[in-house]
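Please open the model in your viewer and keep the sequence panel beside it.

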Amino acid sequence: MSVIGDRYAESLFDLAKEENKVTQYLDDIKLVGEVLGSDPQIVQFFNHVLIENEKKIQLLDQSFKGNVDQYVLNFLKLLVQSRRIRYIDDIIKSYINLSNQYLGIEGTIYTPYKLTDQQIQDIEKAISKKENKKVTLKLSIDSSLLGGIKVQIANRIYDGTIKNKVEMLKKELLRK
């Protein structure tokens, strides 16, 4: 991530805390990321120096007005006017990280089979207790795993898969 992206994300995050809208801004910024990330030419359009800022801002209004908070929309307009929209990916990633640290933690469960909502909630509860924060997990099916689950949160991995246990057993046997 870039220093510029981090600074802009911190500014938006500070505003979100001040307005008590951290979660809403998180949803809004994810929506912005999905829309702008759906086609690389969109960000190129907003970066283009020969296109007038008024046209860019008009397009932002047409796309996001009523769909995101007015402050988030104003933030996007500021990025266009200051020619910083090219850092939008870094800003979004940094804002998501800041929000996750503030609200709790987001992670992924890797498993070879589908889990029920109750099983996911039980795993979230166990990991939340271990992390001392509210953890939200999304499910990712990984058919390369033989069984068990692996949970990844930021740079930490809790690996309870059969594949991992077999590899650990193999290392232990080869050491002796």
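**Stop 1: the helix pair α1 and α5**

The crossing of α1 and α5 is right-handed, a crossing being left-handed if the near helix is turned anticlockwise from the far one by less than a right angle, and right-handed if clockwise. The model is a predicted one, in which local features need pLDDT of at least 70 and side-chain atom pairs count only at pLDDT 80 or more, while totals for chains, interfaces and linings use all residues. Residues are numbered from 1 along each chain as its sequence is written, and side-chain values use heavy atoms, with hydrogens and water left out.

Select residues 3–18 for helix α1 and residues 70–81 for helix α5; the two pack at an angle of about 160 degrees, with their axes 11 Å apart. Helices (H or I, at least four residues) and strands (E, at least two) are DSSP runs, numbered from the N terminus. Axes are lines fitted to C-alpha atoms, for helices over the stretch in contact, and angles run from 0 to 180 degrees between N-to-C directions. The helices α1 and α5 are therefore roughly antiparallel to each other; angles under 35 degrees count as roughly parallel, over 145 as roughly antiparallel, 65 to 115 as roughly perpendicular and the rest as oblique.

Now display the side chains between them. Tyr8, Leu12 and Leu15 of α1 meet Tyr71, Phe75, Leu78 and Leu79 of α5, where contact means heavy atoms within 4.5 Å. By class, the contact of α1 with α5 comprises 7 nonpolar residues, no polar and no charged. Here Ala, Val, Leu, Ile, Met, Phe, Trp, Tyr, Cys and Pro count as nonpolar, Asp, Glu, Lys and Arg as charged, and the others, Gly among them, as polar.

**Stop 2: from α5 to α4**

From α4 the contact takes Asn53, Lys56, Ile57, Leu60, Asp61 and Phe64, and from α5 it takes Leu73, Leu76, Lys77, Val80 and Gln81. The contact of α4 with α5 divides into 6 nonpolar, 2 polar and 3 charged residues.

Centre the view on asparagine 53, in helix α4 (residues 53–64). Is asparagine 53 buried or exposed? Asparagine 53 is buried, with a relative accessible area of 19%; buried means under 20% relative accessible area, exposed over 50%, and partly exposed in between (1.4 Å probe, protein chains only). Leaving aside residues up to four places away in sequence, asparagine 53 touches Val80, Gln81 and Arg83.

**Stop 3: two loop residues with positive phi**

Select arginine 83, in the loop between α5 and α6 (88–103). Arginine 83 has a positive phi of about 55 degrees although it is not a glycine, and is partly exposed, with a relative accessible area of 37%.

Next, select asparagine 20, in the loop between α1 and α2 (22–37). Phi of asparagine 20 is near 55 degrees, a positive value in a residue other than glycine. Asparagine 20 is exposed, at 68% relative accessible area.

**Stop 4: the sheet**

Turn to the strands. Four of them form an open sheet in the order β2-β1-β3-β4, with mixed pairing; two strands pair if DSSP finds at least two bridges between them. The edge strands are β2 (135–141) and β4 (156–159), each with a single partner strand, so one side of each is left without a neighbour in the sheet. The twist averages 20 degrees from one strand to the next.

- β1 and β2 run parallel and are joined by 7 bridges; glycine 107 has leucine 137 as its bridge partner in β2.
- β1 (residues 105–111) and β3 (residues 150–153) run antiparallel and are joined by 4 bridges. Tyrosine 110 stands opposite lysine 150 in β3, and glycine 107 opposite isoleucine 153.
- β3 and β4 pair in the antiparallel sense over 4 bridges; glutamine 152 stands opposite isoleucine 157 in β4.

**Stop 5: the covering helix and an exposed loop**

In β3, Val151 and Ile153 form a covered face, and Lys150 and Gln152 an uncovered one. β1 is mostly covered, with 5 of its 7 residues buried.

Finally, select serine 143, in the loop between β2 and β3. Serine 143 counts as exposed, at 70% relative accessibility.
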